[in-house]
Amino acid sequence: MSNNHIPPLPYDASALPRERVRHYIPVTDQEVRGMCAAVGAAGLDDLFDHIPPDCRIVPPLALPEELPYDALYEHMVAQSGKNRLPGVSFVGDALPHYAVHDLVPFVAGLRELLTAYTPYQPERSQGTLMTQWLYQSCLVALTEFEAINASQYDRATALVEALHTAARLSRHKRTHFLLAGSLFPQDVEVVQTLLQDTLLTFDVVPIDAANGTVALAALEAQAAACGDRLAGIVFPQVGSLGCLEDVDRLTDLAHAQGAKAVVVIDPMLLATGGLKPPGRFGREGQGADLLVGEGQPLAIAPHFGGPGLGIFGVRFNRTHKQDIRSAPGRFVGSGVDSEGRAAKLLVLSTREQHIRREKATSNICTNQGFVTTLAAAAILGRGERGMQASCARGYEMAHLAARTLTRFSGVELAFPQTPFWNTLTVTVPGSSAALIEAARQRGVHLGVDVSARLPDSTGNHLQLSCSDVHTPADIERLSVCLTDLIGAPATEAVPPGAVEANVPASLRRQAPAQLPDWDAGALRTFFAALSEQNISPDLTCYPLGSCTMKYNPYLHEAVANLPGFAELHPEAPVADIQGTLEVLYQIQEYFKAMTGLAAVTTQPVAGAQGELVGLKLFQAYHRSRGETERDMVLIPHSAHGTNPATATMAGFETVHRGSDVLSGVVEIEAEPNGQMNIEHVRELLARYRGRVAGVMITNPNTSGVFELNFRQVATLVHEDGGLVYMDGANMNAIAGWVDLGALGVDAVHNNLHKTWSIPHGGGGPGDAIVAVSERLVPFLPGYQAVKMADGYALERPPQSIGSVHRHFGNMAHKIRAYTYLRALGREGVRRMSAMAVLAARYVHTRLKDHFPTLPEEAADSPRMHEFIITLPPAAFERLEAAGIHRNKAIGLFGKLFLDFGFHAPTVSFPEAEGLMIEPTESYTQAELDRFADAVILMLQLVEAQPTILLTVPHFTPVDKIDDVTANKQLVLSEPLTALPEVSPNRISPAQLATMPLEAIAKAIREASSARLDRHQ
Ligand SMILES: Cc1ncc(COP(=O)(O)O)c(C=O)c1O
């Protein structure tokens, strides 16, 4: 390809210090030798020599050679060019396609918002928190629900969460659901997959073929028959054939049965002038109880289906005060800091997996945070008027399309009596599939063949979706295409309303949504100011243990947003999606090579969802062997909260009798050195013989130590017929070095947002490729990309558990990860892990004489990519004497990192008094040294002046936030009347990075004394 075809990169790579460095690893060879010497290793290979040799991968990895920066960009441009974008498309279906507002790319380029971690340190995350707060507030305005979380993976999994919530609200006395057949079949399949083997059950009530909506009489009869088993009725506002449902009647029907009304909405259609907000459904206007929807189209292009954004809403009003405590996911609340400044923070976390473990309301951890940020930007960018215009445009174009299409002989509205908004279904002469293919060859993506959704269809049903991307010229193009294919229109043009049913007032919004119309320039300034309230791994070491906050190349963003990738719809014809399918295929191959396992699924969108897929595969495998009595999962005590929470969601409900576990999750005890106690595993397998579905082991474990007993445990579990899940959150330590197949792993997730360098986005979206052993291959979810003689295709494994995503997961992230892998190549993957381990061992070596290492008994076990330290006993004593209780000390010491211009390490996990540090391979030796020097200085500061911890942090935009009051007096949204104030940094991280450490220490001492004086 000549340079003429390569669009210029939207940044100057040579001005970015980390961008063009080989493998994105800046440490020089000479420094590597020095660092190895400092940790007592002869070379990088030595870092892994405690791992049994027969579990190690013998290089070279079966990966291609690395590509240099410019060649890689050219390669990816060429790859995106293998996809064919149509001249016009009416494909929408399960993922509507709206225009991307121009504030979105601007905000997406704000690195401190894009690359930051989940806002668990609110004082250093006000930027992320404010954008997510604005998202919540915008969605509250649109839906008239009082609480919207931020956020779920996508509409389908949000729906699964809504069903769990509804059952929980009935204290699990009601566990059956009725699903309208007019829901997207893609969503229903995900529900089917994820509810299998749980306590929840459902039936699908078919579509009434006469009007395209759910068959109401059948639904009423089935609801009555369910009686008090019925937990909820689930229905869309706009069905999968585009028909508007009678939402008032459906809501009232659910309530009449004492069940929850769970509605699926399209947020764009709720703008002023659009459809009725679900907070007002029902003849009395009391509203539905739970809502879900897909928010991706609010913010970003289709990206072949993801990242999505699961909208989840729950009532939070006088009659429904407590429902929110049964809801999943993160909520941002409003509060104040110690000086009374307004601040935002995460609230209600006592429902979540990191605290409640198997009793959590959901296993979700990494979510779609950054898509909520972009959705807020897009909604505010459009404003009240723009949202109204987008909503109206979809209506106008769909109705124009209806009047245009029905002029052609043999084309008719499939449901002429039923009102629609922006999606319509027509019947066409002959087969809709054939017509779609013929139109494709003329550069038109005509729509989706929905014949299978109607039992009596002769294969002639075609669904078309319109939005604000369409103009009358597009409808004209549609008309020209059809003229070509089926002949000239048979009738004259007709006026609006001539063929379409009217949308009655009862289905429409009556009062404005009251979104603001803020100035475009002011919004840019506002979002840019918000980003400065965060911190990015671009600037400096971001030492969050277990989270692998490495550098996220700019190149990945440019590539993922190439139109050939970004504009591609997941339901576009296969012949036009070859470039993306090839990436999917290659990525499957690469992960097989890097894990030593037999196959890969690219569908899961986060580590926790990967875990859920793993356990669903285990259940399917055991079921296929008739071993349905396996109802236990063994999990080490030090596991991440997602592991036990996932087990519960998969259907391994934990039941206790006294201290005995009768079923569900059983903890494996740890040796004093933090590793699994193999004798306890033996004991558990003997106690629950034949009942263990599997074991979930994090390796390296959350103390940063390789589990030397792993293979032995795997063998014991296999001997008992169970299976082995490896939590691969810590793959950055071992990728390319350890053969997971040889280790005995049956399933493992690889968090792309950790090891594989995709940005964390202030909480997500992540992605998780799951690799599996031979025995699980037949059951894999979704589709496999397969290589055929004439290109790539999608194939469903023979005994698939079903899909776990409405489409193909977070495809944009797979483009990023693929680009990264091509930059690393076969050498780079091993170099990446080795350098991550070396960086951690080096920083640990620098700190271990000053801080005790945890677990104490494992102080000398070789650390992999992270390590845990704590304060020396004398420091705890000095702090206690200054009035700082031991159980607060570590959290407050973490805040001192913010004052030095770093993010805090992971505090109090898995060790209550631990600071878990993971430096990653992205920083120079000088940067690692500065970090280590700073941590040592922090200790000296605290020992000399312990009261400093009473006032930390000092330089962030807000001081320590009062989370107790914010959780008691929950505020989850606000009317958006004026652009919120942005508190500036007292000293910005960028400024701190240039200050001598002693100068920072002096500034801290002074700031603390001044604050204490003021409060005396
Ligand atoms: C050890 C471990 N396991 C599982 C997870 C869950 O992964 P995710 O957040 O991608 O769902 C995490 C995430 O932080 C983790 O650190």
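Q: What kind of model is it?
A: It is a predicted model.

Q: How many helices and strands?
A: The protein chain has 31 helices and 29 strands. Its radius of gyration is 28 Å, close to the 31 Å from the globule rule for 1016 residues, so the chain is as compact as a globular protein of that length.

Q: And what does the C-alpha trace span along its principal axes?
A: About 85 × 70 × 65 Å.

Q: What share of the residues is buried?
A: 65% of the 1016 residues.

Q: Switching to charges. How many positive and negative side chains?
A: There are 82 positive and 108 negative ones. The centres of the two sets lie 2 Å apart.

Q: Now rings. How many aromatic pairs?
A: The count is 17. Take Phe48 and Trp737: their ring centres are 4.0 Å apart and their planes are at 10°, so this pair is stacked.

Q: Where do Phe48 and Trp737 sit in the chain?
A: Phe48 is in the loop between α1 and α2. Trp737 is in the loop between β21 and α23.

Q: Are Phe48 and Trp737 buried or exposed?
A: Both are buried.

Q: What about Phe893 and Phe897?
A: That pair is edge-to-face, with 6.1 Å centre to centre and 80° between the planes. Both residues lie in helix α26, four residues apart, which means about one helical turn between them. Both Phe893 and Phe897 are buried.

Q: Which residues do ring pairs link into a cluster?
A: Tyr24, Tyr551, Phe591, Trp756 and Tyr820.

Definitions and conventions. Residues numbered from 1 in each chain as written. Heavy atoms only, no water. Helix = DSSP H or I, 4+ residues; strand = E, 2+ residues; numbered from the N terminus. Rg over C-alpha atoms; globule rule 2.2 N^0.38 Å. Buried < 20%, exposed > 50% of the residue type's maximum accessible area, 1.4 Å probe, protein only. Lys, Arg positive; Asp, Glu negative; His and termini not counted. Charge placed at Lys NZ, Arg CZ, Asp CG, Glu CD. Phe/Tyr/Trp six-rings, centres within 6.5 Å; stacked < 30°, edge-to-face > 60°.
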